[in-house]
Amino acid sequence: MATTSAPTDRAASAVRVGTLAEIASPTVISGGRHGIAVFIADGRPYAVDNRCPHMGFPLHRGSVRDGILTCHWHHARFDLESGGTFDPWADDVRTYAAWLDDDVVMVDPRPRDDDRRARWVRRLHDGMEQNLNLLLVKSVLALLDDGAPPAEVAAAGVEFGARYRERGWSSGLTILSAMTNMLPHLDREDQVLALYHGLSNVAGDCAGQPPRFQLDPLPEAGVPVARLTTWFRSFCEVRDRDGAERALATAAESGATPIELAHMLLAAATDHLFLDGGHTLDFINKACEALDAAGWARASEVLPSVIPSITGATRAEELNTWRHPIDLVALLDESLADLPRALQASSAAPGLDVEAFADILLADDPYVIVARLTEALRSGAPLTDLTRALAYAAALRVARFHTSNEFSDWITVLHTFTYANALHRSMLRAPSPELARGIFHGAMRVYLDRFLNMPAARLPEQRATADGAPGPDALLAELLELTDREQRVNEAGVVAHRYLAAGHDPARLIATLGHVLLREDGEFHSYQMLEAGAQLFFDLHADQPAAARRVLVAVARYLAAHAPTSRAMHQTARTALRLHRGEAIYESAEEDAAAG
């Protein structure tokens, strides 16, 4: 056998495996923390990582035919020369330099150089393209382990979702943005789960959908942002998606600020009542929050994805429930016509009592609600105080939602709450008279939800609670146990209240609620409920602690109503985590099979 040359700079670190006559094919040698499988095919040596990149099965127990190595667990196939896979769900296997030196097989146990982070970014993109959950969570684990900022991982998902779904922004990107916001409040393993859930939902939204082809901005620069905003709102009014996108793209490319871009979208969203059941305003808010994390340089690519939710949305004034038996649309038309004068006439006023004003918003008379809102504006109540009170009132609808209602009506009160929270976050970002109309819209939606608090579930402080004062660990363990069983709604709310009323660290409760959600195959609205509840809690906690407690009671009740599920996503994540740690999960599988 002729001698082949050792690769440059590899001979010094090479390991002698044996002569062709001495060794069997395959043979496993040490590669440090793992083995290297050495194969002889067509008279040549090849060396690959002995762990199948799919699920870690030993590749030396596979077979080689025509230069293709096949794993004998899930039948993933690899080119023996390059390590490239023919099955995208499996990933490429790492290869090592192998050569003959006078018929002696030599292997360099150092892997061939590659850019690990760039490779896993590519694999993350592959996972979203192919909608492969295991590949997604493996990519998240590898990127975070390599030091990639979580916002960078999320940004890849935002870019993908904005580009590869012609119908635009939807639940997947909303979940990804919400879970990115939650990352600082979650435990380390749940941070991985949060990104994985977001990316998986984006991939699911895009699967089988045509991509979105982005329109160019107008060729002439220099159109004032105010004029572009007027055009944008006019195009949205007549449901002209292309015209609206071009106006928005022009504003983004011509240097409009994030506040100006947010104002364009929010003004159009409040030109009509409660668009798309509240989703439209929430989508706009989440798109802006996604850009806060990913960078506003991506605005021209990301923001147009929310336009379909404006131009194609159902407008509440088109719905019978807003017209009969009381014509709320006519009531608002009359009141909002006076809004500019009310805002101009306002003077400085002390901050609003959130709990007291929430009681006004929960009244049974829409005329009284609208009158008190107008009065508050005239008296100078800060817009953000009004939006905060509205969000709290909507949260109370969830906290007081009675389980005698139809199960599907949880989503009704949820939609109002997430709309109100999005309005509050948007008012903090880009306050304007146009956006102030959303306070009236949201107030009427809270009014319309009143029947879901008839009867009203009692708040935990109104219930008899167990004697004793269990510590925080016991209460959090009880919450986890309750959400392992169906419909422990009121009990979960009581535990959340007892925990906070005892003065325990709210951060641990929020992290536990995050785990309660992320161990499930969560439905879209549960992600919204957790993140909106956490945001409002932190807004209220310093000066309205009792109100803040009731918000987390609402979160705990909602999550308990929607748990447990099959938890398939959590099982996939646990498998990926074990693979990441180097555990031999196939051994457990074999033991389970042997046990029958």
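These are my notebook entries on what I looked up in one predicted protein model.

**Entry 1. Ground rules**

I number residues from 1 along each chain as its sequence is written, and my side-chain values use heavy atoms, with hydrogens and water left out. Since this is a predicted model, local features need pLDDT of at least 70 and side-chain atom pairs count only at pLDDT 80 or more, while totals for chains, interfaces and linings use all residues.

**Entry 2. The whole chain**

I looked up the secondary structure and found 25 helices and ten strands in the chain. Helices (H or I, at least four residues) and strands (E, at least two) are DSSP runs, numbered from the N terminus. The C-alpha trace spans about 95 × 70 × 40 Å along its principal axes.

I then looked up burial: 54% of the 596 residues count as buried. Buried means under 20% relative accessible area, exposed means over 50%, and partly exposed lies in between, with a 1.4 Å probe and protein chains only. The chain exposes about 24,400 Å², and carbon and sulfur atoms supply 50% of that area. These areas come from the Shrake-Rupley method with a 1.4 Å probe; for residues, only the protein chains shown count as cover.

Residues 24 or more positions apart account for 72% of them.

I also noted the charges: the chain has 56 positive and 79 negative ones, and their mean positions are 2 Å apart. Lys and Arg count as positive and Asp and Glu as negative, with His and the chain ends not counted. Each charge is placed at NZ of Lys, CZ of Arg, CG of Asp or CD of Glu.

**Entry 3. The sheet of four strands**

I traced an open sheet with the order S2-S3-S4-S8 and antiparallel pairing. Its edge strands are S2 and S8, each of which pairs on one side only. Two strands pair if DSSP finds at least two bridges between them.

Four bridges join S2 to the antiparallel strand S3 (residues 35-41). I followed the partners: valine 28 bridges to alanine 37, isoleucine 29 to isoleucine 36, and serine 30 stands opposite glycine 35. Four residues lie between the two strands of this hairpin, and glycine 32 there takes a positive phi near 95°.

S3 is mostly covered, with six of its seven residues buried. Six bridges join S3 to strand S4 (residues 44-49), again antiparallel. Alanine 41 has arginine 44 in S4 as its bridge partner. The hairpin of S3 and S4 has two residues between the strands, and aspartate 42 in the turn has a positive phi of about 55°.

**Entry 4. Threonine 95**

Threonine 95 is in strand S8 (residues 95-96). Is this residue buried or exposed? Threonine 95 counts as buried because its relative accessibility is 9%. Leaving aside neighbours within four places in sequence, I listed its contacts as Ala47, Val48, Glu81, Ser82, Gly83, Pro111 and Arg112.

**Entry 5. The sheet of three strands**

I found another open sheet, with the order S5-S6-S7 and antiparallel pairing. The edge strands are S5 (63-65) and S7 (77-79), each pairing on one side only. Three bridges join S5 to the antiparallel strand S6 (residues 68-70). Within this pair, arginine 65 stands opposite isoleucine 68 in S6.

**Entry 6. Glutamate 583**

Lastly, I looked up glutamate 583, which is in the loop between helix H24 (568-580) and helix H25 (585-594). Glutamate 583 is partly exposed, with a relative accessible area of 31%. Glutamate 583 and methionine 55 are 528 residues apart along the chain, yet their C-alpha atoms are separated by 9.9 Å.

Conventions:
Contact means heavy atoms within 4.5 Å.
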